[in-house]
Amino acid sequence: MSQTIQPESPEAPEIPVSSDVVVRPATTPRRWPSSFADRLTAPLPDFREVTSVMWHGQLRPDIGDGDQIPVQRVGLSRAAATETMVTWVGHATFVLQIGGLTVLTDPVWSRKIPGVRQRLTPPGVAWSDLPRIDAVVISHNHYDHLDAPTIRRLPRDTAVFVPARLAGWFRRRGFHNVTELDWWESARLGEVSFDFVPAHHWSRRTLWDTCRTLWGGWVLTSSEHRVYFAGDTAYGERFAQIGERYPGIDLALMPVGAYDPRWFMKVSHVDPEQAVQGCLDVGARRMATMHWGTFVLSGEPLLEPVREARAVWESRGLDPGDLWDLAVGESRTLP
């Protein structure tokens, strides 16, 4: 399948990004800044704040109700060529079948990632049940979104779409079909466009590389549907900017967990109310919940994120059928 970088739509509103953003062919080497810290919209927690949270145990909730997290591990349904189907694997991982492609978002099949206890629920789709993966999109390089053991299981010719300065991580592991993008840049694979969009977040893989690579979300568009994958994000004006650039989003895949204690998490993660508002800001008709029920990253009760999302959705008078509070492994198809 052909893959090309495309410039922004000329009718898109003027929304400023860094002055050195230039759209080039995918084969042309890029010159990136050494840091993207100027893209932060809030200061990151300092060492004393991190220590305080860890010392007081505010990131260790009771996991006794983990057996109540819904799981429907029944295999992967296959979408018709004109259908768009999403299957929640867990955390921020979806199998997204769109425009005849099978795409993975932030794939994590590992039982354990560094720094947290092992996953609460199994991956909703067994790796052996996956068809050939046409593409992978990565939102940022945190371990719960970029999982090296899972990436090693992919064929090295898989098309991979990543934020700026993250391509080298994949090329060092033998991947040769890697496209890295800045915010508002677009690439195409087959009949699907992959647009990298801003998020209120940050990046770090080690103690020494904070904000050295970019972070963001993705808008995938076929001739039938448009899907927004938010990745990891706090709340802010960038949701509305995405909605202006990409009207008619059919489904927003929104994080609803990892938000407590609020004073500590608000610079990185939305809470359920903000997730619903973010969905409305981008103009999406439907919202699928994610980033809960898999890894313990924060202090809220395990089932609270989805319960709160349902309550907020109802309080806004929104159609209950448009909130896709999927079970792990559950699939739904866009009409």
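Here are legends for a few close-up views of this predicted model.

**View 1. Helix α7 has a buried face.** Helix α7 covers residues 304-315, so to speak a run of 12 residues, and reaches 16 Å from its first C-alpha to its last, close to the 16 Å expected at 1.5 Å a residue. Look for P305, V306, A309, V312 and W313, which are buried. Seen down the axis of α7, these buried residues fall within an arc of 125°, so they line one face of the helix. Turned away from that buried side, you'll find the exposed residues E314 and S315.

**View 2. What sits over the buried side of α7?** The cover includes α6 (272-281), β13 (286-290) and β14 (323-324).

**View 3. Strand β11 is covered on both faces.** In this strand (residues 226-229), R226 and Y228 are buried on one side, while V227 and F229 are buried on the other.

**View 4. β11 pairs with β10 and with β12.** Strand β10 (residues 217-221) and β11 run antiparallel and share four bridges, and a hairpin of four residues joins them. Check out W218, which stands opposite F229 in β11. With strand β12 (residues 251-255), β11 pairs in the parallel sense over three bridges. There, Y228 has A252 in β12 as its bridge partner. To get from β11 to β12, the chain crosses through helix α4 (residues 238-245), making a right-handed β-α-β crossover.

View 5. The disulfide count for the model is zero.

Terms used
Residues are numbered from 1 along each chain as its sequence is written. This is a predicted model: local features need pLDDT of at least 70, side-chain atom pairs count only at pLDDT 80 or more; totals for chains, interfaces and linings use all residues. Side-chain values use heavy atoms; hydrogens and water are left out. Helices (H or I, at least four residues) and strands (E, at least two) are DSSP runs, numbered from the N terminus. The expected span of a helix is 1.5 Å times one less than its number of residues. Buried means under 20% relative accessible area, exposed over 50%, partly exposed in between (1.4 Å probe, protein chains only). The arc is that of the directions from the helix axis to the C-beta atoms. Contact means heavy atoms within 4.5 Å. A disulfide is a pair of cysteine sulfur atoms within 2.5 Å. Two strands pair if DSSP finds at least two bridges between them. A crossover is right-handed if, with the strands pointing away from the viewer, the path from the first strand over the helix to the second runs clockwise.
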